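Let us read a protein model together, going step by step through a few questions and answers. Please keep the sequence and the structure in view as you read.

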Amino acid sequence: MDWRDEGTVIAVRRHGETAAIVEVFTAQHGRHAGVVRGGISRKIAPILQPGSQLSVQWRARLDEHLGTFVVEPLRSRAEVLADRLALAGLNAICALLCFALAEREAHHGLYAQTQSLLDALGHDGDWPAQYLRWELMLLEDIGFGLDLGRCAVTGSREDLAYVSPKTGRAVSRGAAGYWADRLLPLPQGMLGQGPVSQLELGQGLAITGHFLTRELAGQRRLPALPEARGRLLDLLLRPSTTRDTPPSG
């Protein structure tokens, strides 16, 4: 078994005295792990940081084996270390990819959007809105895409204001009626209608968080999603006077 690919480091843990087990999110092979010999050495450890872009060669005797990686650095993305909010975003992205994706399953669209989001961290003031759309795509890739295009009750595309917490389908304001207080508010920015305000960002992340928790944490009988996501939301949604960086344009 031998292949080459490009990918982003999403997790690293020590293995034995000198090696490391590295998980990468690759373009063609999805989330994949392998042993990097000498991975904790001064020479190699600096390139095995979450967010680093690598060229990887994976080898194993059999496909089901853990195998080994030979890695070459392509891009470090170390610039996010100077931006508290961007670093929290990077950590949340890596943690959710490890948490949500099955191993060795390709996700071509999600990979491309992940690269775009990682490149935007700390550079594009609108990246928190991109992050929200990324969580929507993550839900779709794990088999629970939300249906926000038309009202689940009337079929109308007008005045969509809520999302059903059970079905993930949009509901119009008029159709919600008595049940409105049991539905999740649907921000218009989540539908691509204008910029995403901090309030709308919080509403949108409440929607994606609800379904990610139900579909992932709930099924695994875990109390919550990764803590890194919670830390990101705390920074994004706190009052602007106490944030290091504004959440979005």
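This is a predicted model: local features need pLDDT of at least 70, side-chain atom pairs count only at pLDDT 80 or more; totals for chains, interfaces and linings use all residues.

Me: How many of the 15 residues of H3 are buried?
Reply: Buried means under 20% relative accessible area, exposed means over 50%, and partly exposed lies in between (1.4 Å probe, protein chains only). Among the buried residues of H3 are Trp 127, Tyr 131, Trp 134 and Leu 138. H3 is largely enclosed by the rest of the structure, because the number of its residues that are buried is 11.

Me: Against which helices do the buried residues of H3 pack?
Reply: Contact means heavy atoms within 4.5 Å, and one example is Trp 134, which touches Ile 93, Leu 96, Leu 97, Leu 110, Gln 113, Thr 114 and Leu 117, not counting residues up to four places away in sequence. Taken together, the buried residues of H3 pack against H1, H2, H5 and H6.

Me: What distance does H3 reach from its first C-alpha to its last?
Reply: The expected span of a helix is 1.5 Å times one less than its number of residues, and for H3, with 15 residues, 21 Å is expected. The model comes close to that value, since the distance H3 reaches from its first C-alpha to its last is 20 Å.

Me: In what order do the 3 strands of the open sheet lie?
Reply: Two strands pair if DSSP finds at least two bridges between them, and 3 bridges join strand E6 (residues 160-163) to E7. The edge strands, each pairing on one side only, are E7 (170-172) and E8 (184-185). The pairing is antiparallel, and the order is E7-E6-E8.

Me: Why is the pair of Tyr 178 and Trp 179 given its name, and what is that name?
Reply: Rings of Phe, Tyr and Trp (its six-membered ring) pair if their centres lie within 6.5 Å; planes under 30 degrees apart count as stacked, over 60 as edge-to-face and the rest as tilted. Tyr 178 is exposed at 66% relative accessibility, whereas Trp 179 is partly exposed at 47%. The centres of their rings are 5.4 Å apart and their planes stand at 80°, so the pair is edge-to-face.

Me: How many residues apart in sequence are the parts tied together by Arg 59 and Asp 2?
Reply: A salt bridge is a side-chain nitrogen of Lys or Arg within 4 Å of a carboxyl oxygen of Asp or Glu, and the closest N and O atoms of Arg 59 and Asp 2 are 3.3 Å apart. Both residues are partly exposed, Arg 59 with a relative accessible area of 43% and Asp 2 at 49%. Because Arg 59 lies in strand E4 and Asp 2 in strand E1 (residues 2-15), the separation in sequence of the parts they tie together is 57 residues.

Me: Which residues does Asp 63 touch?
Reply: Asp 63 lies in the loop between strand E4 (53-59) and strand E5 (68-75), and it is partly exposed, with a relative accessible area of 45%. Not counting residues up to four places away in sequence, Asp 63 touches Met 1, Trp 58 and Arg 104.

Note on methods: Residues are numbered from 1 along each chain as its sequence is written. Side-chain values use heavy atoms; hydrogens and water are left out. Helices (H or I, at least four residues) and strands (E, at least two) are DSSP runs, numbered from the N terminus.
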